[in-house]
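Hello,

Here is the structure we talked about. Please have a look at it first; my notes follow below.

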Number of protein chains: 2
Amino acid sequence: MSPRRSVADALSTRAAILDRSVAIASLEGLEGLTIGRLATELGMSKSGVLGHFGSKEALQLAVLERAGEVFRAEVWEPAVPATPGLPRLAALCEAWISYLEREVFPGGCFFVAAAHEFDGREGAVRDAIEARFDAWSARLCKEAGRAVEAGDLPGDTDPADVAFELMGLLMALNHALQLHRDPRAADRARRAVRARLRSARPPGA
Amino acid sequence: MSPRRSVADALSTRAAILDRSVAIASLEGLEGLTIGRLATELGMSKSGVLGHFGSKEALQLAVLERAGEVFRAEVWEPAVPATPGLPRLAALCEAWISYLEREVFPGGCFFVAAAHEFDGREGAVRDAIEARFDAWSARLCKEAGRAVEAGDLPGDTDPADVAFELMGLLMALNHALQLHRDPRAADRARRAVRARLRSARPPGA
DNA sequence: CCTACCGATCGGTAGG
DNA sequence: CCTACCGATCGGTAGG
């Protein structure tokens, strides 16, 4: 229909490859994602798949990029309307918990899984994963720092400590859901986040 | 030297295969552990390696068993002398933190990595990993329950909440050390564990 | 986007 | 424990 049909087709094919790749890699890992399997599932040839990216590593980086877009929409965006500081910190955690509960990725948090798969290696994929966690930690630290400034967390609180502890709760939830399939874990995580973010000030002070 | 030299040799060969397997799998994962690589590194043939176990899955299960022995010696045993309840809970956490700091396994906690690698699959390997975490959680819960009974933690504390939160701190530490190579993380984890286990009772009450 | 192919490696087996 | 081998699959390339 379009006069540049081949270009539009190429873009939509690329998008289809990436969506399928994200689904596979979420369960099997970024290494378990193979060109041959992708080709079979998509009804394409291997070279047809690979032609869009050039190499497996380039495909993996594109998959991380695509997963990052999903994460941004599902976790970062919902917290934007919240008031900076403690309320936004709580909103970020709630968005993360909800993102796991709703199984946005079938294998749990895409980046937690990728981090464990690549933390013992070197290269561009590992670096891309680390950069995403750096950005996430920085975001948590920033909001925690604002909460301290606003007096919503005790004045001697280290924002990095808060970010570290919240990350732990989120990782424990991911673990409980994926390995133990424990449906009570989400509420446990919510309770723990609430307790950690409760001001040391007496209510109403 | 021994009259049953071939039997003793077989056992020591098996032990050598498992030790090398643990080292490889810690960094590359239990699937990244291949018979061919093992054979090359040990100066054996592939069939010589495989003959000790029968299949790759049986090798993976034996590797988990061997890693479990190391974990028991490094994390469970050091906490045995501690008084049951809060002191032993603290000792278990400190042993775990030290076990990561000392890089007992080059790729961080063997079981956390294995859990993420296999939580999206089915089978005996996945089941063995889950069983180890069940045992670990039960242990933390038991000591937390004793701490509540002894009045060392608030009376309305859910021991499973404590175990969940401590697991989170340990996983956050593993992540910080492996992905971010952040040497400050161990002390951050110690601080957070101490804060979580601090009694709600005023000191000396 | 395809077919046809490359060398390397995978887990595993036969036979000794 | 070995050699020699199996079919399958890996990432990737040549040539169109």
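Start with the salt bridges: the rule finds eight across the interface of chain A and chain B. A salt bridge here is a side-chain nitrogen of Lys or Arg within 4 Å of a carboxyl oxygen of Asp or Glu. One to look up is Asp158(A) with Arg188(B), at 3.3 Å from N to O.

Some ground rules. This is a predicted model, where local features need pLDDT of at least 70, side-chain atom pairs count only at pLDDT 80 or more, and totals for chains, interfaces and linings use all residues. Residues are numbered from 1 along each chain as its sequence is written, chains are lettered from A in the order written, and side-chain values use heavy atoms, without hydrogens and water.

Now the interface itself. On chain A, 38 residues are in contact (heavy atoms within 4.5 Å) with 38 residues of chain B. The buried area is about 3,200 Å², and carbon and sulfur atoms give 58% of that. Buried area means the accessible area (1.4 Å probe) that two parts lose on being put together, summed over both.

Which helix gives the most to the side of chain A that touches chain B? That is α8(A), with 14 residues. Helices are DSSP runs (H or I, at least four residues), numbered from the N terminus. By class, this side of chain A has 18 nonpolar, seven polar and 13 charged residues. Gly counts as polar, and Asp, Glu, Lys and Arg count as charged.

Best wishes

Technical notes
Helices (H or I, at least four residues) and strands (E, at least two) are DSSP runs, numbered from the N terminus.
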